[in-house]
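Student: I have a structure open and want to know what the words used for it rest on. Can we go through some of them?

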Amino acid sequence: MPLPLIWLGAGLASAYAGGALAKNARSHSVVDNYPGESQHRVTPVDGCVVCCGIYGVFEHTGIWCDDHIIELHGNGLVKAVGPTRFLHQRSGSEIYVACDDNYMPLVAPECDTRAVNQVFQYIEYDPISNNCHRFSLRSVTGVDQECVSFYEFNQKLSKHFNQKVRWQPIQLR
């Protein structure tokens, strides 16, 4: 019984801190639009980064590939899921794609290949030290580096692409 209360407390603390971190990210020119702040829809392309909300407190990230999303699931399995499954049992009803200022998805060379090559592998999942953000960032950069939060994920994406990140809702074909 104490474990759910600990997770609830961690979630509430994260939500509070997330608001402060979002303001900080915006003021430091890291993120232009957070998920839900713009209605301009963008069609995802292979190798782009996508995200959705989890219970209004956290974000879950993955890599778009062949109309699927490669994700590190909470059980440690890297798998390819459809957009509907990506949203299943999560609070968000939208999937967002990381874009540049011209609403073009941010795509790193070989990102989709790196993500696909990990499908069906088990990675020891940890919500802090080895989470979906670390998996997605490793797919983008090709380098395994710590990435604890969505805030940190945005910082590292912005630095990698040398521009602000603009999270736009996806337009399915």
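Student: How many bridges join β2 to β6, and do they run parallel or antiparallel?

Tutor: This is a predicted model. In it, β2 and β6 are joined by two bridges and run antiparallel.

Student: What makes β2 and β6 a pair?

Tutor: Two strands pair if there are at least two bridges between them. β2 and β6 have two bridges, so they count as paired.

Student: How many bridges join β6 to β7?

Tutor: Four, and these strands also run antiparallel. Cys99 stands opposite Arg166 in β7.

Student: Why are α4 and α5 called roughly parallel?

Tutor: Helix α4 (residues 132–141) and helix α5 (residues 150–161) pack at an angle of about 5°. Angles under 35 degrees count as roughly parallel, so α4 and α5 are given that name. Their axes are 10 Å apart.

Student: Which residues of α4 and α5 meet?

Tutor: Among them are Leu137 and Val140 in α4, and Phe153 and Leu157 in α5. By class, the contact has six nonpolar, four polar and one charged residues.

Student: Which residues touch the most other members of the largest nonpolar core?

Tutor: Val49, Val140, Phe153, Leu157 and Trp167, out of 28 residues in that core. The largest share, four residues, comes from α5.

Student: What makes both faces of β6 covered?

Tutor: Tyr96 and Ala98 lie on one side, Val97 and Cys99 on the other, and all are buried. Buried means under 20% relative accessible area, so each of these four residues falls below that cut-off.

Terms used. Residues numbered from 1 in each chain as written. Predicted model: local features only at pLDDT ≥ 70, side-chain atom pairs only at ≥ 80, totals over all residues. Heavy atoms only, no water. Axes fitted to C-alpha atoms, helices over the stretch in contact; angles between N-to-C directions. Parallel < 35°, antiparallel > 145°, perpendicular 65-115°, else oblique. Contact = heavy atoms within 4.5 Å. Nonpolar A, V, L, I, M, F, W, Y, C, P; charged D, E, K, R; others polar. Core = buried A, V, L, I, M, F, W, Y, C linked by side-chain atoms within 4.5 Å. Buried < 20%, exposed > 50% of the residue type's maximum accessible area, 1.4 Å probe, protein only.
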